[in-house]
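Please keep the structure open beside this note and look up each residue as it is mentioned. The points are meant to be read in order, from the whole chain down to single residues.

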Amino acid sequence: QVQLVVSGGGFVQPGGSLRLSCVARGSIRSIYVMSWLRQAPGQEREVIATMTNGGRKYYLDSVKGRFTISRDNAQNTAGLQMNELGPYDKAVYFCNAQVATHEAVGEEYWGQGTQVTVSS
């Protein structure tokens with residue numbers, strides 16, 4: 001019913017930048033919260049940034065000042081601008097959305113994940 005399509009992952013040199021995009025498609029009334037998460041091998045999945053439909057933002061301490069989350073509520077999209085990337089940022093990045101549809105409220109949906117690799 002709802003699909004999240006993620007794009008923007010890839011390879012980048014240390015100190016470089018990438019921008020991830022997440023597009024939610026389906027029978028959507030509204031998206032309460034959009035989130036970016038990541039998981040490195042052997043590590044737990046961690047939330048790195050969230051943004052509510054009212055504009056409230058949260059960031060993981062390790063990405064504060066480097067990453068910026070954004071939303072376009074009219075298009076049900078979210079972005080993640082990642083600057084000053086380092087090897088510690090290498091992970092699979094996921095998009096998550098808390099969605100109100102015509103059938104339910106507060107359902108969680110996940111994107112497919114995209115690999116971010118930081119290397120020289």
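The numbered points below begin with the overall fold and then turn to charges and to individual positions.

1. Before anything else, please bear in mind that this is a predicted model, and that the values below were computed from it. The chain contains 0 helices and 11 strands, so that reading along the sequence gives the pattern β-β-β-β-β-β-β-β-β-β-β.

2. On overall dimensions, the C-alpha atoms fill a box of roughly 45 × 25 × 25 Å when this is taken along the principal axes. The radius of gyration of the chain is 14 Å, and this agrees with the value near 14 Å that a compact globule of 120 residues would have.

3. How much of the chain is buried? Buried residues account for 44% of the 120 residues. The chain exposes about 6,200 Å², and carbon and sulfur atoms supply 47% of that area.

4. If you take the contacts between residues at least 6 apart in sequence, 54% of them join residues at least 24 apart.

5. The structure holds 4 salt bridges, and the next points go through several pairs in turn.

6. The side chains of R38 and E46 meet in a salt bridge, with a distance of 3.0 Å from N to O. The two partners are worth checking separately: R38 has a relative accessible area of 5% and is therefore buried, since buried means under 20%, whereas E46, at 29% relative accessibility, counts as partly exposed.

7. A second pair is formed by K64 and D61, whose side chains meet in a salt bridge at 3.0 Å, again taken from N to O. Here D61 has a relative accessibility of 60% and so counts as exposed, the cut-off for that class being over 50%.

8. In a further pair, the side chains of R66 and D89 meet in a salt bridge at 2.8 Å, N to O. This pair links distant parts of the chain, for R66 is in the loop between β6 (57-59) and β7 (67-72), while D89 is in the loop between β8 (77-82) and β9 (91-101), 23 residues away. Both R66 and D89 are buried.

9. What does S35 touch, apart from residues up to four places away in sequence? This serine has its place in strand β4 (residues 28-39), and with 8% relative accessibility S35 counts as buried. Once those sequence neighbours are set aside, S35 touches A49, T50, F94, C95 and N96.

10. N76 has a positive phi of about 55° although it is not a glycine; N76 lies in the loop between β7 and β8 and counts as buried at 17% relative accessibility. E84 likewise has a positive phi of about 55° without being a glycine, and E84 lies in the loop between β8 and β9.

11. N73 is also placed in the loop between β7 and β8, and with a relative accessible area of 39% N73 is partly exposed. The C-alpha atoms of N73 and G55 are separated by 9.9 Å, and these two residues are 18 residues apart along the chain.

12. Finally, please look at the end of the chain, where S119 is found in the segment after β11 (114-118). S119 is partly exposed, with a relative accessible area of 36%. Although S119 and P14 are 105 residues apart along the chain, their C-alpha atoms are separated by 6.0 Å. Leaving aside neighbours within four places in sequence, S119 is in contact with V12, Q13 and P14.

Note on methods: Residues numbered from 1 in each chain as written. Predicted model: local features only at pLDDT ≥ 70, side-chain atom pairs only at ≥ 80, totals over all residues. Heavy atoms only, no water. Helix = DSSP H or I, 4+ residues; strand = E, 2+ residues; numbered from the N terminus. Rg over C-alpha atoms; globule rule 2.2 N^0.38 Å. Buried < 20%, exposed > 50% of the residue type's maximum accessible area, 1.4 Å probe, protein only. Contact = heavy atoms within 4.5 Å. Areas by Shrake-Rupley, 256 points an atom, 1.4 Å probe, with all protein chains shown as cover.
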